[in-house]
Amino acid sequence: PELQPNKGAKWPTSMQVAMRVLEEVIQQQGEVKFEGSWPSCRVVPIAAWREACDRANLSTSGTPDARQKAFARAREALRKVNAIEMQDDMVWSVFDA
């Protein structure tokens, strides 16, 4: 059985922050793609989400390597619980799809 997403249910702080930041980026920069097999919701570049996570201090460390690792862990954790989907270099929230 496929895991159903449950927004924020007992998620670690890093996942909550990353999801909140993704929703903010989608609100500000999201676009609907009509060609191909895109979802009907707004999507944003993964790079824009990552930059916003850096500004939101997702990582408590100031080093670029630590920030990158913190983002990668949060992104993969959100993907694992089916909260986000990614295609090419774009990401979206399944709660919007």
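The expected span of a helix is 1.5 Å times one less than its number of residues, and helices here are DSSP runs of H or I with at least four residues, strands being E runs of at least two, both numbered from the N terminus. Keep this in mind when selecting α1, which has 17 residues and reaches 24 Å from its first C-alpha to its last, close to the 24 Å expected at 1.5 Å a residue.

Before going further, note that this is a predicted model, in which local features need pLDDT of at least 70 and side-chain atom pairs count only at pLDDT 80 or more, while totals for chains, interfaces and linings use all residues. Residues are numbered from 1 along each chain as its sequence is written, and side-chain values use heavy atoms, with hydrogens and water left out.

**The whole chain.** Colour the protein chain by secondary structure to find three helices and three strands, arranged along the sequence in the pattern α-β-α-α-β-β. Of its 97 residues, 36% are buried, where buried means under 20% relative accessible area, exposed over 50% and partly exposed in between, with a 1.4 Å probe and protein chains only.

**Helix α1.** Show the side chains of M15, V17, A18, M19, V21, L22, V25 and I26, which are the buried residues of α1. They pack against β1 (44-45), α2, α3, β2 and β3 (90-93), a contact being heavy atoms within 4.5 Å.

**Helix α3.** Next select residues 64-80, the 17 residues of helix α3, whose end C-alpha atoms are 24 Å apart, in agreement with the 24 Å that they should span at 1.5 Å a residue. Its buried residues are A70, F71, A74, R75 and L78. Because they cover an arc of only 130 degrees around the axis, they lie on the same side of α3; the arc is that of the directions from the helix axis to the C-beta atoms. Turn to the face away from this buried side to see the exposed residues R73 and K80. The buried residues of α3 pack against α1 (13-29), α2 (46-55) and β2 (84-87).

**Where α2 meets α3.** Finally, display I46, W49, R50, C53 and D54 in α2 together with P64, R67, Q68, F71, R75 and L78 in α3, the residues that meet between these helices.
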